[in-house]
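Here's a quick walk through one model, with an eye on sheets, rings and a loop. Have a look at the structure first, then read on.

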Amino acid sequence: MRIRPVGRHALLLDCDEPGQVEAWRAELWRRRDTGELSAVEIVPAAATVLLDGVPDPAAAAARIAGWTPRTAAATAATAQVEVPTGYDGEDLPVVARQWGVGVPEVVRRLRDTEFRVAFCGFAPGFAYLTGLPPEWAVPRLPSPRTRVPAGSVALAGPYAGIYPTASPGGWLLVGRTDLTLFDVHADPPARLTPGTRVRLVAA
């Protein structure tokens, strides 16, 4: 892990492996909760963690360099969200061919997987879910759809995701949920936040 200054009041942690991001995200959130770290925002991404609103970046970087994040088991999130999912996505046959199995087996695998929110992006409330084995990664569509309905459950690369609102998108559609994933009047607005465990249960 490497720590780099970004602007006057931010730090960026570059992680060597994707699994380190969640460990550092959890560790930094924990340290902030205990008062050992001051940062307005701690935002994980695919291979980095951004700390913004840090009063003294140099001092914070020195402290962080001496910390060791807890193991994945020790940082396991207690929150779990079950997402009722109807598995009727039009790209299910495509995923089945990619995985070399039948459609029922694709559905079973998705239902049995415990996902975790790695980070959020693309659109408000859009969570990138990890948990699928690397060999199950699937390519995006060659040309994105102009409109993917809200609630669409989809796969792309090593991730699963759920479109919180209707938008263009090139992920493979495997199902749909009626669960509201983003509400500006809720606290927090996003239903799925980093570290949350997610199950795509049958609707």
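## A charge and a ring

Over the ring of which residue does the charged end of Arg-25 sit? It's Trp-29, with the charged end of Arg-25 placed 4.3 Å from the ring centre. Keep in mind throughout that this is a predicted model.

## Aromatic pairs

Now for the rings. A pair of aromatic rings is described by two things, the distance of the centres and the angle of the planes. The structure holds ten aromatic pairs.

Take Phe-119 and Tyr-159: this pair is edge-to-face, at 5.7 Å centre to centre with 85° between the planes. The pair links distant parts of the chain, as Phe-119 belongs to strand S6 (residues 115–120) and Tyr-159 to strand S10 (residues 159–162), 40 residues apart. Are Phe-119 and Tyr-159 buried or exposed? Both are buried.

Phe-126 and Trp-171 make another edge-to-face pair, with 5.2 Å between centres and 85° between the planes. Here too distant parts of the chain are linked: Phe-126 lies in the loop between S6 and S7, while Trp-171 lies in the loop between strand S11 (167–169) and strand S12 (172–176), 45 residues apart. Phe-126 and Trp-171 are buried as well.

Which residues form one aromatic cluster? They are Phe-119, Phe-122, Phe-126, Tyr-128, Tyr-159, Tyr-163 and Trp-171. So both pairs described above belong to this cluster.

## Around Leu-141

Last stop: Leu-141, in the loop between strand S7 (127–130) and strand S8 (145–148). Leaving aside neighbours within four places in sequence, which residues is Leu-141 in contact with? They are Gly-170, Trp-171 and Leu-172, and Trp-171 is also a member of the aromatic cluster.

There's one more spacing to note here. Leu-141 and Ala-156 are 15 residues apart along the chain, and their C-alpha atoms are separated by 8.6 Å.

How values were computed
Residues numbered from 1 in each chain as written. Predicted model: local features only at pLDDT ≥ 70, side-chain atom pairs only at ≥ 80, totals over all residues. Heavy atoms only, no water. Helix = DSSP H or I, 4+ residues; strand = E, 2+ residues; numbered from the N terminus. Contact = heavy atoms within 4.5 Å. Phe/Tyr/Trp six-rings, centres within 6.5 Å; stacked < 30°, edge-to-face > 60°. Buried < 20%, exposed > 50% of the residue type's maximum accessible area, 1.4 Å probe, protein only. Lys NZ or Arg CZ within 6 Å of the ring centre and 35° of its normal.
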